[in-house]
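Please look over the chain shown here before reading on. The report below describes its core, its charges and some residues in loops.

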Amino acid sequence: MSVRAGTGSPVRTCVGCRKRELTTDLLRVVARENGPNGYVVVPDPRHRLPGRGAWLHPTAGCLSNADRRRAFGRALRVSGYLDTSAVEQYLENRHEHS
């Protein structure tokens with residue numbers, strides 16, 4: 001686990017822009033099985049959901065980049081269709097309330 005000197009907080013890489021940031025500045029997402037149709041990528045803002053996680057800046061730009069680059073499938077180690085609408089909705093709601 002990489003930790004930035006002097007902070008004590010873990011550092012992760014955003015799957016959208018590939019920049020390294022403290023986990024406190026990133027949104028963790030996990031894949032949940034969605035029947036035979038593939039997976040749904042769900043936000044995990046409290047970093048508590050089980051399973052392999054991927055990290056993303058909580059911005060529409062990084063979400064779009066990750067989608068375009070098909071980074072979620074690689075980072076979460078799943079194949080098939082990935083529905084990212086739950087993360088998109090979370091980011092929209094987060095933006096409205098800030």
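What follows is a short report on a predicted model.

**Nonpolar core**

The largest nonpolar core has 21 residues. V15, V29, V41, L56, F72, L76 and V87 have the most contacts inside this core. Several elements contribute. Strand 3, strand 5, helix 1 (60–68), helix 2 (71–76) and helix 3 supply at least two core residues each. Helix 2 gives the largest share, with four residues.

In sequence, F72 and G16 are 56 residues apart, yet their C-alpha atoms are 8.9 Å apart in space.

**The salt bridge**

Side chains of opposite charge can pair when their charged atoms come close. How many salt bridges does a search of the whole structure find? The search finds one. R28 and D44 form a salt bridge, and their closest N and O atoms are 2.4 Å apart. This pair links distant parts of the chain, 16 residues apart. R28 sits in strand 3 (residues 27–33). D44 sits in the loop between strand 4 (39–43) and strand 5 (53–56). Are R28 and D44 buried or exposed? Both are buried.

**The negative patch**

D67, E88, E92 and E96 form a negative surface patch. Helix 3 (residues 85–96) provides the largest share of the patch, three residues. E88 is a residue of helix 3. Its relative accessibility is 41%, so E88 counts as partly exposed.

H47 is not a glycine, but its phi is positive, about 60°. H47 lies in the loop between strand 4 and strand 5. D44 lies in the loop between strand 4 and strand 5 as well. H47 is partly exposed because its relative accessible area is 32%.

R77 is also a residue other than glycine, and its phi is positive, near 55°. R77 is placed in the loop between helix 2 and strand 6 (82–83). Its relative accessibility is 64%, so R77 counts as exposed.

**Pairs distant in sequence**

| Pair | Apart in sequence | C-alpha to C-alpha |
|---|---|---|
| P58 and L26 | 32 residues | 6.3 Å |
| F72 and G16 | 56 residues | 8.9 Å |
| N37 and G80 | 43 residues | 7.9 Å |

Two of the listed residues lie in loops. P58 is found in the loop between strand 5 and helix 1. With a relative accessible area of 21%, P58 is partly exposed. The cut-off matters here: buried means under 20% relative accessible area, so P58 does not count as buried. N37 lies in the loop between strand 3 and strand 4. N37 is exposed, because its relative accessible area is 54% and exposed means over 50%.

Notes: Residues numbered from 1 in each chain as written. Predicted model: local features only at pLDDT ≥ 70, side-chain atom pairs only at ≥ 80, totals over all residues. Heavy atoms only, no water. Patch = residues over 30% accessible without salt bridge, like charges linked within 9 Å, V, L, I, M, F, W, Y side chains within 5 Å. Areas by Shrake-Rupley, 256 points an atom, 1.4 Å probe, with all protein chains shown as cover. Salt bridge = Lys/Arg side-chain N within 4 Å of Asp/Glu carboxyl O. Lys, Arg positive; Asp, Glu negative; His and termini not counted. Charge placed at Lys NZ, Arg CZ, Asp CG, Glu CD. Buried < 20%, exposed > 50% of the residue type's maximum accessible area, 1.4 Å probe, protein only. Core = buried A, V, L, I, M, F, W, Y, C linked by side-chain atoms within 4.5 Å.
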